[in-house]
Amino acid sequence: MKVKKAWIAAWLLVSLGIPSLPAAGATCEYWVAPSGSDANSGTNLAPWLTLRHAADSVPDQGCSVLFAPGVYSGPQQLKRRFTTPTVFRSSTPHAAILQASTSVVNIDGSTNVTLEGFEIR
């Protein structure tokens with residue numbers, strides 16, 4: 001009976017178009033790089049360019065967004081309210097540098113967000 005209930009639950013998720021969380025052990029990882037483009041897919045071979053685009057685009061599934069080493073100039077914005085913990089991290093500690101002549105990072109109303117390993121200038 002348990003197998004039948006599990007099958008029915010899986011069928012309902014697929015039939016209703018409800019997105020599933022990554023399977024245990026699966027990674028939900030995206031990339032940002034100074035040479036990237038927000039038109040890219042966010043993979044390590046086709047990274048995004050900005051924190052704002054990454055925050056707006058990453059699935060709300062407990063993902064990590066890794067920032068390649070380099071300088072990210074201009075104010076960075078983060079406004080999304082995540083329901084699962086989402087991490088924005090320098091892939092090499094303190095090698096991703098966020099810098100601006102004004103406010104470097106504007107976090108407005110975001111929830112379940114961790115910024116880790118950045119140098120802020």
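Three strands form an open sheet in the order 3-6-9, with parallel pairing; strands are DSSP runs of E of at least two residues, numbered from the N terminus, and two of them pair if DSSP finds at least two bridges between them. The edge positions are taken by strand 3 (70-73) and strand 9 (119-120), each of which pairs on one side only. The model is predicted, so that local features need pLDDT of at least 70 and side-chain atom pairs count only at pLDDT 80 or more, while totals for chains, interfaces and linings use all residues. Residues are numbered from 1 along each chain as its sequence is written, and side-chain values use heavy atoms, with hydrogens and water left out.

Within the sheet, strand 3 and strand 6 are joined in the parallel sense over four bridges, and Ser73 stands opposite Gln99 in strand 6. Strand 6 (residues 96-99) also pairs with strand 9, again in the parallel sense, over two bridges. Here Ile97 stands opposite Glu119 of strand 9. In general, the strands of a sheet pair through backbone hydrogen bonds, either parallel or antiparallel.

Glu119 also takes part in a salt bridge with Arg121, the closest N and O atoms being 2.9 Å apart. A salt bridge is defined as a side-chain nitrogen of Lys or Arg within 4 Å of a carboxyl oxygen of Asp or Glu, and a search of the whole structure finds two. Accessibility is classed by relative accessible area (buried under 20%, exposed over 50%, partly exposed in between; 1.4 Å probe, protein chains only). Glu119 is partly exposed at 29%, and Arg121 is partly exposed at 46%.

A salt bridge also joins the side chains of Arg89 and Glu116, with an N to O distance of 2.8 Å. This pair links distant parts of the chain, with Arg89 in strand 5 (residues 81-90) and Glu116 in strand 8 (residues 111-116), 27 residues apart. Arg89 has a relative accessible area of 26% and is partly exposed; Glu116, at 36%, is likewise partly exposed.

Aromatic pairs were assigned to rings of Phe, Tyr and Trp (its six-membered ring) with centres within 6.5 Å, planes under 30 degrees apart counting as stacked, over 60 as edge-to-face and the rest as tilted. The count by this rule is four aromatic pairs. The ring centres of Phe67 and Tyr72 lie 5.3 Å apart and the planes stand at 75°, so this pair is edge-to-face. Phe67 and Tyr72 are both buried. Ring pairs link Phe67 and Tyr72 with Phe118 into a cluster.
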